[in-house]
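Me: I've got a model open and want to chat through a few spots in it. Can you help me get my bearings?

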Amino acid sequence: MIALVLAAGLAAPAGHPLGNFSVNRYDGLVVAPHELRIDHVQDLAEIPATQVLHGSTDLRGWARSECARSAAAFRITADGRPVAAVVRAASASARPGQAGLRTLRLECAVSAPFGGSRLGFRDTGDGGRPGWREVTAVGDRMTLTSSDVPRESPTARLTRYPRDLLGSPSDRRAATAEVRPGGPPLPASAPAAAGPGVAGRGADPLTRAYTGLVARHRLTPGFAVFALLAAVVLGAAHALAPGHGKTIMAAQAAGQGRRSRRDVLALGLTVTVTHTAGVLALGLLAATGASLGAPQLLPWLGAGAGALVVAAGVSLLRRALRRPRHHGHGHGHGHGHGHGHGHGHEGGRRGMVLVGFAGGLMPSPSAVVVLLGAHALGHAWFGVLLVLAYGAGLALMLVAVGMLVTGTGRLLARRLPPLPVLAPRLLPVVTAALVVLLGVGLTARSLAPLV
């Protein structure tokens, strides 16, 4: 079945290289006598493009409005004095994207008066959206004696994203340059066309093939069943990707006794419910053209997930520190111990539910694209079914992985030599502390773009 999906989707447009939520920005600065010209380009991936196209039927009007907003967000100085930018021309074009959706390309010709020897520029208009940020600077009958940005665009104005740079996308938003009069005229050159250098990173090849197939195939009962089964497979494959609390699940299994299977089940179901609800909510926002979307929320969602992981780690740490030092055998002691152990398990389960909620808080962009693609074809209800099937596959794989982890841990515990006396008490403390550190790291990494 997977091979059939791949073969049928080979002709589908690839997902956006920098993710289905991304809005990439390029500012090409040209310093000319008495004038600064700015070639401003935006490359909108499927989800932000869907929001634009649902919210505006006048693409030309949107282009003029967005170019004006972008120009107002430029901070330009000439020898330290601020100057204002104006829009000379604006255009936008829609292009085929993933799952039958479209992407958008915006091009703005902007200019500002410039007279001086020091240029300062900053683009503040990204709105917190994830994506590639690039600035270049050249002279036209002017000479840049120094500049902190390159002369040429490594992406050919956001048409070819270098494969070796996608892991750490460019985040250049500002430029400074020293300028003196005189120099050769800038040669005329046509904008580069998109070519084979574009690398697919917005979704894995299997998901790209699947969404392309769903977008092109007529909906029949037989195909509906096939698509739902394929969505389960894709959800299971997504569960094997990094995240979703699998590392913390392993830590919990290492420090938990016989009831860890219930905790694994709680984690898997919580991740699935949270993830599915997030996909449906984001799909609804995007489909209605709402201005509030995931790109602005992504850092805060990540920080919230990190905070929940920290809370879960603290819960596990408190439970580990409260464990009795010795296991008694008498009836009275056993009764007290059983009561505390039961509360320990409840605390551990609450911690795993928090981890599950955190693991599902960041919805899969590919699942959102599947939902939006079905909506664009007039089958929104089928998109909801596909998302639910995707979530079912996610739950099945997470629970299976959890059972494998806990079962392997018990097997190793029986096969390995007896641990020192302090080890059974220290191991849960160490694993809980690692969970806290993971949560702190996730929070810091998510908030870094906002600092």
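Predicted model: local features only at pLDDT ≥ 70, side-chain atom pairs only at ≥ 80, totals over all residues.

Me: Where does Arg 105 sit?
Reply: In strand S6, residues 102-113 (strands are DSSP E runs of at least two residues, numbered from the N terminus).

Me: Buried or exposed?
Reply: Arg 105 counts as buried because its relative accessibility is 5% (buried is under 20%, exposed over 50%, partly exposed in between, with a 1.4 Å probe and protein chains only).

Me: What does the Arg 105 side chain reach at 2.8 Å?
Reply: The backbone oxygen of Arg 157. The Arg 105 side chain also reaches the backbone oxygen of Leu 158, at 3.5 Å.

Me: New topic: how do S3 and S7 pair?
Reply: Strand S3 (74-78) and strand S7 (118-123) are antiparallel, over five bridges (pairing takes at least two DSSP bridges). Phe 74 has Asp 123 as its bridge partner.

Me: And which residue is opposite Arg 118?
Reply: Glu 178, in S10. S7 and S10 (174-181) pair antiparallel over five bridges.

Me: Last one: why does Trp 381 count as exposed?
Reply: Because its relative accessibility is 52%. Trp 381 lies in helix H11, residues 380-415 (helices are DSSP H or I runs of at least four residues).

Technical notes. Residues numbered from 1 in each chain as written. Heavy atoms only, no water. Polar contact = N/O pair within 3.5 Å; in protein donor to acceptor, adjacent residues only side chain to side chain.
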